[in-house]
Structures are given as structure tokens and as C-alpha cells.
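Let us learn to read a protein model step by step.

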Amino acid sequence: MDNAEDAEADDELNDDEKQEKQHAEFVRMADRSLDRFRETHSEAQQQFIVDAYVATGEIPVGEAFGIEEVEVAVVETAFSQHLDRNVLRQHGLNLQTYFEHVDEADYPALRRAAAKGEWHVFHGHAQAIAAARKAHGL
């Protein structure tokens, strides 16, 4: 399809379908960026970058790290969308309500789980937050 056909096809989608299409595109781009990262960085380089992210919440970018800012933005967006759509909603939460109840001291552990793709950590955490909110009538 060319751009005009793509735009016409998008016009026929409802809002949920458009969001799903956009999410799928972010996931595809994020997967491509992560694959490139794994292919172009040694295990030691990957571990250094993951450790920096866990400690600071920032993924090092620039030529010295072989990571472009746009790649980080895409990966972060895809992660946030996945967390919201596939974890938090199941527990009646969204990103805002979830982070209202996350202690900053837990951020490094959550970032490590994110880097490893350990979604069960987020499910368990979200479940505990949802139960606490329910117990307090929120």
C-alpha cells in the first residue's frame, strides 16, 4: 500500500483499532531496536547499560553507547503501553494510579524486572496495589 491507501484504511478504523495499530507499530519498532542492541553490544556492554538504567532510570544514549534517543523513546513507549494494556488494566489500574502507590525505593527493582522482561513482577505488584486500593475504598 502507498501512503494514500494507508491513510484511507486508517480512516475506516475506530479509535480502539487505531490505538491497537499504533501500539503494534511501537512494539514492532521497539523489538527491532532491542534486537539491534543485542546484536551490536557485547554482554558486558549490555550489562553496563542495564545497570546504569536500573540505578538511574535513564538509558545512556549517544554515539559512545551506540544507542539513539529515538530508540529509547520508542522502547519506553512500547513498554509503558504494554504495562498499561496487558498488566495494569487487568487489575483495574492505569499508569497514573499504579505509580501513585509505588515507593521510589522500589524503582530499581522494577526497572531490573522491566529490563529482564519479568512481567510477573509487575502483575504481583499491581495485584497488591489493587487489593490495597480496594481495602481502602479507592
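Q: What covers the buried residues of α4?
A: First, the ground rules. This is a predicted model, where local features need pLDDT of at least 70 and side-chain atom pairs count only at pLDDT 80 or more, while totals for chains, interfaces and linings use all residues. Residues are numbered from 1 along each chain as its sequence is written, and side-chain values use heavy atoms, with hydrogens and water left out. Buried means under 20% relative accessible area, exposed over 50%, and partly exposed in between (1.4 Å probe, protein chains only). Now the case: the cover of the buried residues of α4 includes α2 (15-40), α5 (95-100) and α7 (119-135).

Q: Which residues of α4 are buried?
A: They are Glu71, Val72, Val74, Val75, Ala78, Leu83, Asp84 and Arg85.

Q: How many helices and strands does the chain have?
A: Helices (H or I, at least four residues) and strands (E, at least two) are DSSP runs, numbered from the N terminus. This chain has seven helices and zero strands. Buried residues make up 25% of its 138 residues.

Q: What span does helix α4 reach from its first C-alpha to its last?
A: The expected span of a helix is 1.5 Å times one less than its number of residues. Helix α4 covers residues 69-86, which is 18 residues. Its span is 25 Å, close to the expected 26 Å.

Q: Which residues does alanine 78 touch?
A: Contact means heavy atoms within 4.5 Å. Alanine 78 lies in helix α4 and is buried, with a relative accessible area of 8%. Leaving out residues up to four places away in sequence, alanine 78 touches His23, Phe26, Val27 and Ala30. Sequence distance is another matter. Alanine 78 and glutamine 22 are 56 residues apart in sequence, yet 9.9 Å apart in space, C-alpha to C-alpha.

Q: How many salt bridges does a search of the whole structure find?
A: Side chains of opposite charge can pair when their charged atoms come close. The test for a salt bridge is a side-chain nitrogen of Lys or Arg within 4 Å of a carboxyl oxygen of Asp or Glu. The search finds seven.

Q: Which residue forms a salt bridge with glutamate 20?
A: Arginine 85 does, with the closest N and O atoms 2.6 Å apart. Glutamate 20 lies in helix α2 and arginine 85 in helix α4, so the pair ties together parts that are 65 residues apart in sequence. Glutamate 20 is partly exposed, at 42% relative accessibility.

Q: How far apart are aspartate 35 and arginine 38 in helix α2?
A: They are three residues apart, or about one helical turn. They form a salt bridge, and their closest N and O atoms are 3.4 Å apart. Aspartate 35 is partly exposed at 38%, and arginine 38 is partly exposed at 49%.

Q: Is arginine 133 buried or exposed?
A: Arginine 133 is buried, with a relative accessible area of 17%. Its salt bridge with glutamate 100 has the closest N and O atoms 3.9 Å apart. Arginine 133 lies in helix α7 and glutamate 100 in helix α5, so this pair ties together parts that are 33 residues apart in sequence. Glutamate 100 is partly exposed, at 49% relative accessibility.
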